[in-house]
Amino acid sequence: MIRFEDVHKAFGSNRVLRGLTLHVPKGTSMVIIGGSGTGKSVAIKSVLGLVTPDTGRILVDGKDTTSGDRDAFLARFGMLFQGGALFDSLPVWQNVGFRLLRGALKRPQAEAREIAIEKLRRVGLKPEVADLFPAELSGGMQKRVGLARAIAADPEIIFFDEPTTGLDPIMAGVINELIREIVVEMGATAMTITHDMTSVRAIADNVAMLHDGVIKWTGPVAQMDHSGDPYLDQFIHGRAEGPIEAVR
């Protein structure tokens, strides 16, 4: 579904992606791991066209991401942002149904509200939450609202940016289970970036280790612990010593 072919991206003298090549099969869950500043977020932004690669190609369903109808292209995606990114001035249901109230996916307001309430129910939130504002919700509830928004338009592809950041271990486990259930249920292609190895094991079909702008290892999550790759081994076990230099 998603193919990175020798993608390079630099910001001035900072070469972030240095030949990223990665294939994400349709209907599977790919988790990209790696330290801060290794290019994980830039990779996702490049797929969406928020960042333009200097060289290389990115294909979605066999088509170059730079061609065709931009609105129709973006309508295929859902996104759960790291910080929630909810609109403080809008009630929860309008946050969830944001894309359904405007643009190419616009629906009548009553229909958008109905869909929003159904998606809230899918992530374990009661209908009365719909008329609250984000500031009235706990961090875990805000994350669920963000997840409901990500799936509101039934996207083919969903991106998850550090989905459990800031959550306690129990709530993180709940979010991981929800993500896995929803991805399987929808048959969506998922791409997640995270530092949380518990999330990796709960969400991933396949894992890719990104370091210094290139993929050092990729394979099924079941092979991760016995990969033989020194970069992956150091990262998943949190060792200070190894080929990845720790900033001291």
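**Exercises on salt bridges and a sheet**

Asp131 is partly exposed, with a relative accessible area of 43%. (Buried means under 20%, exposed over 50%, partly exposed in between, with a 1.4 Å probe and protein chains only.) The model is predicted: local features need pLDDT of at least 70, side-chain atom pairs count only at pLDDT 80 or more, and totals for chains, interfaces and linings use all residues. Residues are numbered from 1 along each chain as its sequence is written, and side-chain values use heavy atoms, leaving out hydrogens and water.

**Exercise 1.** Find the salt-bridge partner of Asp131.

*Solution.* Apply the criterion: a side-chain nitrogen of Lys or Arg within 4 Å of a carboxyl oxygen of Asp or Glu. The partner is Arg113, with the closest N and O atoms 2.9 Å apart. Asp131 sits in the loop between α4 (109–122) and α5 (139–151), and Arg113 in helix α4, so the pair ties together parts 18 residues apart in sequence. Helices are DSSP runs of H or I, at least four residues; strands are runs of E, at least two; both are numbered from the N terminus. Arg113 is partly exposed, at 26%.

**Exercise 2.** Locate the two ends of the Arg18–Asp212 salt bridge.

*Solution.* The N to O distance is 3.7 Å. Arg18 lies in strand β2, Asp212 in the loop between β9 (206–211) and β10 (214–220), 194 residues apart.

**Exercise 3.** Give the strand order of the open four-stranded sheet.

*Solution.* Strands pair if DSSP finds at least two bridges between them. The order is β2-β1-β4-β5, with antiparallel pairing. The edges are β2 (14–24) and β5 (63–64). Five bridges join β1 to β4. Glu5 has Arg57 as its bridge partner in β4. Arg3, Glu5 and Arg57 are also linked in a salt-bridge network.
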